Amino acid sequence: FLELFRKGEAMRALEFAREHLAPLAEEDPRFLPELEATVSLLAFPDPQSSPLRHLLDPSRRQEVARRANAAVLAGEYQRVDSQVHELARMLVVAQQDAAQRASFPMLHGLAHPEERGGHT
């Protein structure tokens with residue numbers, strides 16, 4: 001939105017906000033105040049001298065990028081974390097099954113994730 005707005009493409013910026021940002025705010029209302037403030041830049045004839053000019057500051061771009069990267073990494077961590085839990089669960093089940101058929105050195109300390117209070 002802000003990049004389009006900076007280029008003077010206010011209508012494209014508004015369309016982008018409507019199509020891409022508004023649904024995010026509907027999913028997570030924490031985004032709504034920031035979205036409203038950002039879109040309200042359209043109401044000022046000279047946004048650089050408006051009370052919301054801080055939203056146009058170049059350092060803001062870095063902060064938004066940092067937050068977006070953190071959100072992506074958090075999502076990736078959750079996905080990888082659940083995969084690790086599933087692998088541990090499968091290993092425990094396989095060891096239990098194999099222990100009934102033969103004697104072999106087992107890996108210990110691998111409780112089912114739900115037994116450790118983790119994810120399933």
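## A buried aspartate

Asp-28 counts as buried, because its relative accessibility is 17%. (Buried means under 20% relative accessible area, exposed over 50%, and partly exposed in between, with a 1.4 Å probe and protein chains only.) Asp-28 sits in the loop between α2 and α3. Its side chain makes a polar contact of 2.4 Å with the side chain of Arg-30. (A polar contact is a pair of N or O atoms within 3.5 Å; within protein, one must be able to donate a hydrogen and the other to accept it, and residues adjacent in sequence count only if both atoms are side-chain atoms.)

This is a predicted model, where local features need pLDDT of at least 70, side-chain atom pairs count only at pLDDT 80 or more, and totals for chains, interfaces and linings use all residues. Residues are numbered from 1 along each chain as its sequence is written, and side-chain values use heavy atoms, with hydrogens and water left out.

## The overall plan

The protein has four helices and zero strands. Along the sequence, the pattern reads α-α-α-α. (Helices, H or I with at least four residues, and strands, E with at least two, are DSSP runs numbered from the N terminus.)

The protein has 120 residues, and 20% of them count as buried. Take the contacts between residues at least 6 apart in sequence: 36% of these join residues at least 24 apart. (Contact means heavy atoms within 4.5 Å.)

## The nonpolar core

Ten residues form the largest nonpolar core: Phe-1, Leu-2, Leu-4, Phe-5, Ala-13, Ala-17, Leu-41, Leu-52, Leu-55 and Leu-56. Helices α1 and α2 are the elements that give two or more residues to this core. The largest share, three residues, comes from α1. (A nonpolar core is a set of buried Ala, Val, Leu, Ile, Met, Phe, Trp, Tyr and Cys residues joined through side-chain atoms within 4.5 Å.)

Phe-5 contacts Ala-13, Leu-41, Leu-42, Pro-47 and Leu-56, leaving aside neighbours within four places in sequence.

Phe-16 lies in helix α2. Phe-16 is partly exposed, because its relative accessible area is 31%. Beyond four places in sequence, Phe-16 touches Phe-1, Leu-4 and Leu-21. Phe-16 and Phe-1 are 15 residues apart in sequence, with 6.2 Å between their C-alpha atoms.

Helix α3 holds Leu-35. At 15% relative accessibility, Leu-35 counts as buried. Not counting residues up to four places away, Leu-35 touches Leu-21, Ala-22 and Ala-25. The C-alpha atoms of Leu-35 and Ala-25 are 7.5 Å apart, and the two residues are ten places apart along the chain. Thr-38 is in helix α3 too. Thr-38 counts as buried, because its relative accessibility is 11%. Phe-1, Leu-2 and Leu-55 touch Thr-38, again not counting residues up to four places away.

## The largest pocket

The largest pocket holds about 750 Å³ of space. Its lining has 20 residues, and Leu-21, Phe-31, Glu-34, Val-64 and Arg-67 lie nearest its centre. Helices α1 (2-6), α2 (10-27), α3 (32-39) and α4 (58-99) are the elements that give two or more residues to this lining. The largest share, six residues, comes from α4. By class, the lining has eleven nonpolar, one polar and eight charged residues. (Ala, Val, Leu, Ile, Met, Phe, Trp, Tyr, Cys and Pro count as nonpolar, Asp, Glu, Lys and Arg as charged, and the others, Gly among them, as polar.)

(On a 1 Å grid over the protein atoms alone, a pocket is an open set of points where a 1.4 Å probe fits, with protein on both sides within 12 Å along at least five of seven lines; lining residues have an atom within 4 Å of a point. Grid points are joined across faces, edges and corners, and a volume is the space filled by probe spheres set on the points.)
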